[in-house]
Amino acid sequence: MLDDFVDVSKDEKQLMHLWNSFVRKQRVLADGHVPWACEAFSKRHGRELVLSPALFWCWRLFMIKLWNHGLLDGCTMNNCNMILEKCRDEESDTGKS
């Protein structure tokens, strides 16, 4: 159904597909599961997110939307960003080798 949206970018569609697949497989059923899911998603897809700047920013904007709706707290957003920074550092280290 995501393909039916015409006012959504390819990267936004890709992120929503990744997120929807992840929450379905992990059985994220309640609002209280969202903080854990965001951290786990950042760990699972971190490399993919840091390799695509557009996808990376879509993820950050999605987290802000979750925060605006009261589903995510600032501490968890910070944890997710730290996970992504670690992935970016690891990626730049492997690029130097």
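**Aromatic pairs.** I began with the rings and found nine aromatic pairs in this predicted model. For Phe, Tyr and Trp (its six-membered ring), I counted a pair if the centres lie within 6.5 Å, calling planes under 30 degrees apart stacked, over 60 edge-to-face and the rest tilted. Trp19 and Trp59 make a tilted pair, because their planes stand at 40 degrees, with ring centres 5.6 Å apart. Trp19 belongs to helix H1 (residues 10-26) and Trp59 to helix H3 (residues 53-68), so this pair ties together parts that are 40 residues apart in sequence. My helices are DSSP runs (H or I, at least four residues), numbered from the N terminus.

**Notes on the model.** It is a predicted model, so I kept local features at pLDDT of at least 70 and side-chain atom pairs at pLDDT 80 or more, while totals for chains, interfaces and linings use all residues. Residues are numbered from 1 along each chain as its sequence is written, and side-chain values use heavy atoms, with hydrogens and water left out.

**Burial of the pair.** Are Trp19 and Trp59 buried or exposed? I read 8% relative accessibility for Trp19, which is buried, and 0% for Trp59, also buried. My cut-offs were under 20% relative accessible area for buried and over 50% for exposed, with partly exposed in between (1.4 Å probe, protein chains only). I then followed the ring pairs and got a cluster of Trp19, Phe22, Trp36, Phe41, Trp59 and Phe62.

**Helix H3.** I checked the length of H3 next: its 16 residues reach 23 Å from first C-alpha to last, close to the 22 Å expected. That expected span is 1.5 Å times one less than the number of residues. Among the buried residues of H3 I listed Leu55, Phe56, Cys58 and Met63. Just after H3, I noted a positive phi of about 75 degrees at Gly70.

**Salt bridges.** How many salt bridges does the structure hold? I found two, taking a side-chain nitrogen of Lys or Arg within 4 Å of a carboxyl oxygen of Asp or Glu. Asp11 bridges to Lys10, with the closest N and O atoms 3.9 Å apart; Asp11 is buried at 18% relative accessibility, whereas Lys10 is exposed at 62%. Glu91 bridges to Arg47, with the closest N and O atoms 2.9 Å apart. Glu91 lies in helix H4 (residues 74-96) and Arg47 in helix H2 (residues 34-51), so this bridge ties together parts that are 44 residues apart in sequence. Arg47 is exposed, at 52% relative accessible area.

Methods. Helices (H or I, at least four residues) and strands (E, at least two) are DSSP runs, numbered from the N terminus.
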